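Biologist: I'd like to learn how to read packing in a model like this one. Can we go through it together?

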Amino acid sequence: PPALPIAKASNTFDGADNNINIGTQAVWEPIIGSTGSRTLTMSSWFRPLSAGENSKGRILDIIDGFLIFLRSDGKIRFFSVRNATDGYWDTDDPIFGDYSSAYEKFYHVVATYDRTNFDNDPIIYVNGCHVGVTAVQLPVGDPTFTGVNATIGNSPADNRAFDGQIASVAIWDKELQSDEV
């Protein structure tokens, strides 16, 4: 678990309408968009109190193009928006059981992804351990950004609010290797 300073420095999200705006498409497109590296790593500490608004509380939403969010069954979903068919992957196993057992525990999630090939699956680590993922739907078409803001703790449409705490969000324009996680 994170040290007490991380827990104290986290942001609390109420599962209803909070979010932190971290930039527009103009900011993110040259970094991880079609003119950028086309690879990324997203990382965050989080402590869920529920699955969030509509049972899809967003930890991180990069321009509706790359998402990490919780599911009501305790799994984490990674999502890649495409112009033909969106791709999404779930962790093979629940990361946590019922939300009552998660109240006192922070989790660290890292997702890396190379979107240059449709056959690439994201690589997800939880608390430093690689976890298996299953492709629920493979992506088809070019990655797209919707032109909305990137957010922490909710979707840009403000309808997928995270319920709990989020801390130490980081985004890289490369895939971190396992020894860097």
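**Reading the packing**

Modeller: Let's start with one side chain. Contact means heavy atoms within 4.5 Å. Beyond its neighbours within four places in sequence, Phe46 is in contact with Ile59, Leu70, Ile76, Phe96, Lys105, Phe106, Tyr107, Val109, Phe162, Gln165 and Ile166. Keep in mind that this is a predicted model, where local features need pLDDT of at least 70, side-chain atom pairs count only at pLDDT 80 or more, and totals for chains, interfaces and linings use all residues. Residues are numbered from 1 along each chain as its sequence is written, and side-chain values use heavy atoms, with hydrogens and water left out.

Biologist: Which residues touch the most other members of the largest nonpolar core?

Modeller: A nonpolar core is a set of buried Ala, Val, Leu, Ile, Met, Phe, Trp, Tyr and Cys residues joined through side-chain atoms within 4.5 Å. Buried means under 20% relative accessible area, and exposed over 50% (1.4 Å probe, protein chains only). Here the largest core has 31 residues, and Phe46, Ile59, Ile62, Phe66 and Phe78 touch the most other members. β8 gives the most to this core, four residues.

Biologist: And which residues of α2 are buried?

Modeller: Helices (H or I, at least four residues) and strands (E, at least two) are DSSP runs, numbered from the N terminus. In α2, residues 25-32, the buried ones are Trp28, Glu29 and Ile32. They sit on the same side of α2 because they cover an arc of only 110 degrees around the axis, taken from the directions from the helix axis to the C-beta atoms. Exposed Ala26 and Pro30 are on the face turned away from that buried side.

Biologist: What do the buried residues of α2 pack against?

Modeller: Their partners are β3 (39-48), β4 (58-62), β5 (66-70) and β13 (163-172).
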